[in-house]
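Please keep the sequence and the structure in view while reading.

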Amino acid sequence: TAEDYRSKQITSMKSIRIQQCSKIEEMQPDCLIKKFLSSLFPSKAEIQSIFLQSLKLLLEDSYRDKKNRIGIEHLFREIGQMYEATRCIDNKENEENFPNIAAKLLIEGHPLELMDGDAAHVPITWVKAV
């Protein structure tokens, strides 16, 4: 039935979110996303803006002719995924600040990528929070 299908989907999503949270907890402090986040949290708006412009240029230069390039928008998408995962299992650490930071940066004109071309999931919790 439709209710059984819905229940299975919810259970499956919860399992995936728990796995994502485990991976978040296992991240080393020197991984790219952790460094990115730590550079945004204590910073004033001017410092964040300079950092993001510098990072954007660095990423563009590093991945100029490569097929699989990384941009700031990809990092924001990952932050959104981290936020969704931690909210799903009621794990609220620094993730409370993610939407505020994303909203401020969005207002400043930075892109906020929600999903890539392969995704079939729109992170509604993240979008509402931002």
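Which residues form one aromatic cluster? The cluster is formed by F36, F51 and F76. The model described here is a predicted one. The chain has six helices and zero strands, and along the sequence the pattern reads α-α-α-α-α-α.

**The chain as a whole**

- The chain contains 130 residues, and buried residues account for 29% of them.
- The accessible surface of the chain amounts to about 8,800 Å². Carbon and sulfur atoms contribute 53% of that surface.
- Among contacts between residues at least 6 apart in sequence, 67% join residues that are at least 24 apart.

**Aromatic pairs**

- The count of aromatic pairs in the model comes to three.
- One of these is formed by F36 and F51, whose rings lie 6.2 Å centre to centre with 40° between the planes, and this pair is tilted. It links distant parts of the chain, since F36 belongs to helix α2 (residues 32–40) and F51 to helix α3 (residues 45–62), 15 residues apart.
- F36 has a relative accessible area of 2% and is therefore buried. F51, with a relative accessible area of 26%, is partly exposed.
- F36 also pairs with F76: the ring centres are 5.5 Å apart and the planes stand at 75°, so this pair is edge-to-face. Here too distant parts of the chain are linked, with F36 in helix α2 and F76 in helix α4 (residues 72–88), 40 residues apart.
- F76 counts as buried because its relative accessibility is 2%, and buried means under 20%.

**The nonpolar core**

- The largest nonpolar core has 21 residues. Those that touch the most other members are I33, F36, L40, I72, F76, I79 and F98.
- Helices α1 (2–26), α2, α3, α4 and α5 each supply at least two residues of this core. Helix α4 gives the most, with seven residues.
- Leaving aside residues up to four places away in sequence, I33 touches M27, L75, E78, I79 and M82.

**Salt bridges**

- A search of the whole structure finds two salt bridges.
- In one of them, the side chains of E84 and R17 meet at 3.2 Å, N to O. E84 lies in helix α4 and R17 in helix α1, so this pair ties together parts that are 67 residues apart in sequence.
- Are E84 and R17 buried or exposed? E84 counts as buried at 7% relative accessibility, and R17 counts as buried at 4%.
- The side chains of R77 and E78 also meet in a salt bridge, at 3.9 Å, N to O. R77 counts as buried at 13% relative accessibility, whereas E78 is partly exposed, with a relative accessible area of 36%.
- E78 is also one of the residues that I33 touches.

- V122, I124 and V127 make a nonpolar surface patch of about 220 Å².
- V122 is located in the loop between α5 (98–107) and α6 (124–129). V122 is partly exposed, with a relative accessible area of 38%.

Notes: Residues numbered from 1 in each chain as written. Predicted model: local features only at pLDDT ≥ 70, side-chain atom pairs only at ≥ 80, totals over all residues. Heavy atoms only, no water. Phe/Tyr/Trp six-rings, centres within 6.5 Å; stacked < 30°, edge-to-face > 60°. Helix = DSSP H or I, 4+ residues; strand = E, 2+ residues; numbered from the N terminus. Buried < 20%, exposed > 50% of the residue type's maximum accessible area, 1.4 Å probe, protein only. Patch = residues over 30% accessible without salt bridge, like charges linked within 9 Å, V, L, I, M, F, W, Y side chains within 5 Å. Areas by Shrake-Rupley, 256 points an atom, 1.4 Å probe, with all protein chains shown as cover. Salt bridge = Lys/Arg side-chain N within 4 Å of Asp/Glu carboxyl O. Core = buried A, V, L, I, M, F, W, Y, C linked by side-chain atoms within 4.5 Å. Contact = heavy atoms within 4.5 Å.
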